[in-house]
Amino acid sequence: MIYGYIRVSTDHQTTENQRFEIQKFCEKENLVIDCWIEETISATKELNKRKLGRLIKRIRKDDLIIASELSRLGRNLLQIMSILHYCMDVGAKIWTIKDNYRLGSDITSKVLAFAFGLSAEIERNLISQRTKEALARVKSEGKHIGRPHGSRNSCKLNGREKYICQKLTSGSSRYEIARRLRVHRDTLSKFIAVRGIDKAIHTTAL
């Protein structure tokens, strides 16, 4: 059996690029994928909670798993090495495209697996450290990090100015209006102030 393994970490990522890479590789090598394994899950999850874990348990001698790169298999060296070690024990093969890795039973395969896994882990740690340092620098400069306060809820009120104005004019409380619009009362009050709705009502009343 030849398996094509695809993994993305979030719903915002697409599997199409990995599938295209694997299909293109198989055309070049005259291979046909018998079964595709796709999952949207972080590789930090325990292997037995992933589709890859279930695949590893049923893999047999001479079976082949093709992935775009080793980092698709796991997020740390120990996890990747344990997967490769198990496949070597049963006589299965793992090939990756970007790092051009071919798992075999020879010492070269073991050394390469260690080197690729270690370098991938070091790279992730460096990226994480640089991100933390950048965020700390921005925070030390007094800048806000992340989504502006109330922005997610405020966007719900866009286009509802007329409705809010009518309700306020008819005597509805801000608490009642906020409850109907499913936002916090403070969010509604800020929206009213920013859009000048309270001033419009006062002017109309005059």
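Are Glu39 and Arg50 buried or exposed? Both Glu39 and Arg50 are buried. Here, buried means under 20% relative accessible area, exposed means over 50%, and partly exposed lies in between (1.4 Å probe, protein chains only).

This is a predicted model: local features need pLDDT of at least 70, side-chain atom pairs count only at pLDDT 80 or more, and totals for chains, interfaces and linings use all residues. Residues are numbered from 1 along each chain as its sequence is written, and side-chain values use heavy atoms, without hydrogens and water.

**The whole chain**

Start with a cartoon view. The protein has 9 helices and 4 strands. Helices (H or I, at least four residues) and strands (E, at least two) are DSSP runs, numbered from the N terminus. Along the sequence, the pattern reads β-α-β-α-β-α-β-α-α-α-α-α-α. The protein has 206 residues, and 33% of them count as buried.

**The core**

Next, select Tyr5, Leu52, Ile65, Leu73, Leu84, Ile94 and Leu103. These residues have the most contacts inside the largest nonpolar core, which has 20 residues. Strand 1 (2-8), helix 2, strand 3 (64-67) and helix 3 (77-90) each give two or more residues to this core. Helix 3 gives the most, with 5 residues. A nonpolar core is a set of buried Ala, Val, Leu, Ile, Met, Phe, Trp, Tyr and Cys residues joined through side-chain atoms within 4.5 Å.

**The salt bridges**

Side chains of opposite charge can pair when their charged atoms come close. A salt bridge is a side-chain nitrogen of Lys or Arg within 4 Å of a carboxyl oxygen of Asp or Glu. The structure holds 5 salt bridges.

Select Arg19 and Glu38. Their side chains meet in a salt bridge, 2.4 Å from N to O. Arg19 lies in helix 1 (residues 16-29) and Glu38 in strand 2 (residues 35-40), so the pair ties together parts 19 residues apart in sequence. Glu38 is partly exposed, at 25% relative accessible area.

Go back to Glu39 and Arg50. They form a salt bridge, with the closest N and O atoms 3.7 Å apart. Glu39 sits in strand 2 and Arg50 in the loop between strand 2 and helix 2, so this pair ties together parts 11 residues apart in sequence.

Now pick Glu69 and Lys98. The closest N and O atoms of this salt bridge are 3.7 Å apart. Glu69 is in the loop between strand 3 and helix 3, and Lys98 is in the loop between strand 4 (93-96) and helix 4 (107-140), 29 residues apart. Glu69 is partly exposed, with a relative accessible area of 21%. Lys98 is exposed, at 53%.

**The positive patch**

Turn to the surface and select Lys51, Arg54, Lys57 and Arg58. They gather in a patch of positive charge. Patch residues have over 30% relative accessible area and no salt bridge, and like charges are joined within 9 Å. Arg54 is found in helix 2 (residues 51-58). Arg54 is partly exposed, at 47% relative accessible area.

Most residues other than glycine have a negative phi. Which value does phi of Asn30 take? The phi of Asn30 is positive, about 60 degrees, although Asn30 is not a glycine. Asn30 lies in the loop between helix 1 and strand 2. Asn30 counts as exposed, at 71% relative accessibility.

Last stop: Asp62, in the loop between helix 2 and strand 3. Asp62 is a residue other than glycine with a positive phi, near 75 degrees.

Methods: Patches are made of residues with over 30% relative accessible area and no salt bridge: like charges are joined within 9 Å, nonpolar side chains (Val, Leu, Ile, Met, Phe, Trp, Tyr) within 5 Å. Accessible areas come from the Shrake-Rupley method with a 1.4 Å probe; for residues, only the protein chains shown count as cover. Lys and Arg count as positive and Asp and Glu as negative; His and the chain ends are not counted. The place of a charge is taken as NZ of Lys, CZ of Arg, CG of Asp or CD of Glu.
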